[in-house]
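Good morning. Please have the model open.

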Amino acid sequence: MTTYTLQASREWWSQRWLDLLDSYRFKKRLERARIYSRQGNVLSIEFKGAKVLARVQGSEEEPYKVSLSLDPFTDEQWGYVIETMSQKAVFSAKLLAGEMPQNIEDVFTSNGLSLFPFTLSDVHSKCSCPDKANPCKHVGAVYYQLGDRFSEDPFVLFQLRGRTKEQIISDLRQLRSAKVEVKVTEKAETQKQITNNQINIKLHSCWQYNEPLESSLVVIAPSTSETVLDILGAIPLAKDEENSASLNSSDIVMKYLETLYKEVSQKAMLAAMNVGS
């Protein structure tokens, strides 16, 4: 397979890891490291906490011991990262499916962190071989092997920063469960408050108003010594010449009362609206 074909077949996060090593200026040493990696010279790779411990077969009979690590994040820093991850379900879904979200770095940078090392000096490595250069071909072989491990399991990269797959999944589930529980509790409290308010409503007193009325709404009734008849005055029973031929006394009274009714109604309306004197 050509270099281009290998790069195309790798996941983006794995290629991002390998690009850092490929920036190393000693190309011949890197080529020997690739050969060691492809030929199976890396006998074993295991994690001890956030540190990678490996055994690489070199020119000597006894395999060389290689250690490799990044600066792990603190528990507080991981707490911020997990909290940010839990706010977007797509991160949890993709990671649980064995995929690295394309914008996963935004989760770390938003918390002032970097998931990937910036330079090779950020990768702390040691080898028991006599080669004084670092990284030597044995460290490089382990580095390449880790790139393949990342393609298979993106959580390996997180483990280099101090969190295992089980820890991340457990923390994510706890946070999301807690948020769901809070939402359910808030909904129950709101429903309870609505129910209590409904119970406190007394239908039989719905139209009662027990507070003092505004002074502008208070109507002062006339004196009880003055009757309606006193206000209306004398009833004109006499016929005028114009209507004497067609109206009797009863008709004249009814017509007069009708006129008074209209006048009193208008005055009452104006008085209620505080219009006029």
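Before the helices, one term. A crossing of two helices is left-handed if the near helix is turned anticlockwise from the far one by less than a right angle, and right-handed if the turn is clockwise. Keep that in mind for α2, which passes α7 in a left-handed crossing.

What you see is a predicted model. The chain has 11 helices and 4 strands. Of its 277 residues, 29% count as buried. Take the contacts between residues at least 6 apart in sequence: 65% of them join residues at least 24 apart.

Now to the packing. Two packed helices are described by the angle between their axes and the distance between the axes.

Start with α2, residues 12-22, against α7. The angle is about 165°, and the axes are 8 Å apart. Angles over 145 degrees count as roughly antiparallel, so α2 is roughly antiparallel to α7. On the α2 side, the residues in contact include Trp13, Trp17, Leu18 and Leu21. On the α7 side, Gly140, Tyr143, Tyr144 and Phe150 are among them. By class, this contact of α2 with α7 has 9 nonpolar, 4 polar and 2 charged residues.

Next, α3, residues 27-38, against α7, residues 137-152. How are these two helices set, by angle and by distance between axes? They pack at about 55°, with their axes 8 Å apart. That angle makes α3 oblique to α7. The crossing of α3 past α7 is right-handed. From α3, the residues that meet α7 include Arg29, Arg32, Arg34 and Tyr36. They meet residues of α7 that include Lys137, His138, Ala141 and Tyr144. The contact of α3 with α7 divides into 5 nonpolar, 4 polar and 4 charged residues.

Proline 135 lies in the loop between β4, residues 124-127, and α7. Most peptide bonds are trans. The bond from asparagine 134 to proline 135 is cis, with omega near 10°.

Last, the cysteines. How many disulfides are there? The count is 0. A disulfide needs two cysteine sulfur atoms within 2.5 Å. For cysteine 127, the nearest cysteine sulfur is that of cysteine 129, 3.5 Å away, so cysteine 127 is in no disulfide. Cysteine 136 is in none either; its nearest cysteine sulfur, that of cysteine 127, is 3.7 Å away. Is cysteine 136 buried or exposed? Its relative accessibility is 3%, so cysteine 136 counts as buried. Cysteine 127, at 22%, counts as partly exposed.

Notes: Residues numbered from 1 in each chain as written. Predicted model: local features only at pLDDT ≥ 70, side-chain atom pairs only at ≥ 80, totals over all residues. Heavy atoms only, no water. Axes fitted to C-alpha atoms, helices over the stretch in contact; angles between N-to-C directions. Parallel < 35°, antiparallel > 145°, perpendicular 65-115°, else oblique. Contact = heavy atoms within 4.5 Å. Nonpolar A, V, L, I, M, F, W, Y, C, P; charged D, E, K, R; others polar. Buried < 20%, exposed > 50% of the residue type's maximum accessible area, 1.4 Å probe, protein only.
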